[in-house]
Amino acid sequence: IEDKLNIKITPVNITWDDYTQKIQLWASSGSLPDVFAGDFRNSKTFTDWATQGVIKAIPEDLSAYPNLEEYMSNEEIVSSAKVDGTVYCIPRKSYVSQEWTSMDREIAYRWDLAQEAGITEEPTTWQEFDEMIQAIMKADPEGTGIQGMTANTKGLFSAMFLPYSSMIACDQGIAYKWVETEDGTYEPAYFAEDMIPAFQLMRDLYEDGTIEKDIALTNNQSSREKFLQGKSAAILYAGGVGADNYNNLAKYWDSVHGEDFLTDVKVLNLMPDKDGNIAYPVWDYAWSESYINSSVDDEKMDKILKLYDYLLSDEGSLMGTYGLEGDLYDLEDGKVVLHDDVNVKDTYPCIKVFESLVRWNPSTYDERFATDWPEAYNEANRKIVEQAKDVTIPEYNSECTEIVKKLGVDLNLDLETDTITIMTGTDPVEDMWADIYAKYQSDGLDDVIEQVNAELNK
């Protein structure tokens, strides 16, 4: 890639545990790398970086970079990358359309143990799910002292359960969606909609033990280990049943249980909301984005955009994900077929940079790309996506969200903390929600609503 594009690439180290802090520290100290990525555009940090000149605007004219130009022509992907109408980052597309976001939060549960406990039909409501998990815990078929549902992180519960009240009230930071109220003004859906039923559902499941009691202490490694060892009846994870969830959990299932993961385990279908309509979290197609340091000169900017353009080309997208054709893979009918027993990332460590610089996990939705997990796992995800295709998305005003960024509003929604606080609390749900609502009001909620509506009326 360096030879082809006449560039020199110097990697800078970050990890999942420190990337947010490192990048923000670099930004504040003027030492950002030329190119970096992270999930900042839905926070005030993004607005500050744009207005303070920390990050470089993406040129309006991308005709010299045709693959990038086509990629950035999708307004549904790019709209969240703007501050006051100017694009300041390149979203790393995770999904191609709204229904695909439905697989971003999934629950896998022990169907084999449910059957042993006397359950004959898969759950189609949250009540049936509750009853199934209770039956598994009571029967404890494997004698492991099995508990309820664990989760990769405690932060996953908001997106999984808030759709019970509102599909469009699941965005954190400043990316929250706005809806029109009865008096004609617009408010964030999180406050305009009746969220109490969702919080009450989570509280009920938690108090039943259907959600494990120590959920606030959960993490990726411990949750996967508990589910693998039969100590949790279900697991809530992000990103679908393939990818990391296969490589860190499912592929070890046979050695522990003597069966394939998908033989013993089922993925929970999309559940109905409080009104009986199938629901899932409606949010952006890209969870993160790529940035360019404002200090780069025109020559380097051109090189960077050429790199992005190449990684979006037919040749570059495969080169940047699998390396040289014929080395670890062959192309058959335009699709990647990996050689047996290859590990791309061990052979090409740099792949970890290139495969996700512009897009995130295209193997999820692009059939040209191969996965290092069986096709059955992709089919399990697509089953969820198919269910989402017939779901009606509630109306919301995306202009309000753009105005929030334009004004530099400093009102971040912390849905993850709100959810865990109420779910694991002991005071009545209504009282705890009222306290949280009052806290947002003291942080300036009413003023923000007034400012946004004033801008709309202009």
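The model is predicted, so local features need pLDDT of at least 70 and side-chain atom pairs count only at pLDDT 80 or more, while totals for chains, interfaces and linings use all residues. Residues are numbered from 1 along each chain as its sequence is written, and side-chain values use heavy atoms, with hydrogens and water left out.

**Helix α11**

- Helices (H or I, at least four residues) are DSSP runs numbered from the N terminus, as are strands (E, at least two).
- Helix α11 spans residues 220–228, and its buried residues (under 20% relative accessible area, with exposed over 50% and partly exposed in between; 1.4 Å probe, protein chains only) are Ser223, Arg224, Lys226, Phe227 and Leu228.

**Aromatic pairs**

- Rings of Phe, Tyr and Trp (its six-membered ring) pair if their centres lie within 6.5 Å; planes under 30 degrees apart count as stacked, over 60 as edge-to-face and the rest as tilted.
- The structure holds 27 aromatic pairs.
- Phe191 and Tyr440 are edge-to-face, because their ring centres are 5.3 Å apart and their planes stand at 65°.
- Phe191 belongs to helix α9 (residues 189–192) and Tyr440 to helix α22 (residues 429–442), so this pair ties together parts 249 residues apart in sequence.
- Both Phe191 and Tyr440 are buried.
- Phe261 and Tyr377 are stacked, at 6.3 Å centre to centre with 25° between the planes.
- Phe261 sits in helix α14 (residues 261–264) and Tyr377 in helix α19 (residues 375–388), so the pair joins parts 116 residues apart in sequence.
- Phe261 and Tyr377 are both buried.
- A cluster linked by ring pairs contains Tyr190, Phe191, Phe199, Trp433, Tyr437 and Tyr440.

**Charges over rings**

- A charge sits over a ring if NZ of Lys or CZ of Arg is within 6 Å of the ring centre and within 35 degrees of the ring normal.
- Lys177 lies over the face of Tyr396, 5.2 Å from the ring centre.
- Lys213 lies over the face of Tyr206, 4.6 Å from the ring centre.

**Cysteines**

- A search of the whole structure finds 0 disulfides (pairs of cysteine sulfur atoms within 2.5 Å).
- For Cys400, the nearest cysteine sulfur is that of Cys170, 18 Å away.
- Cys400 is buried, with a relative accessible area of 0%.
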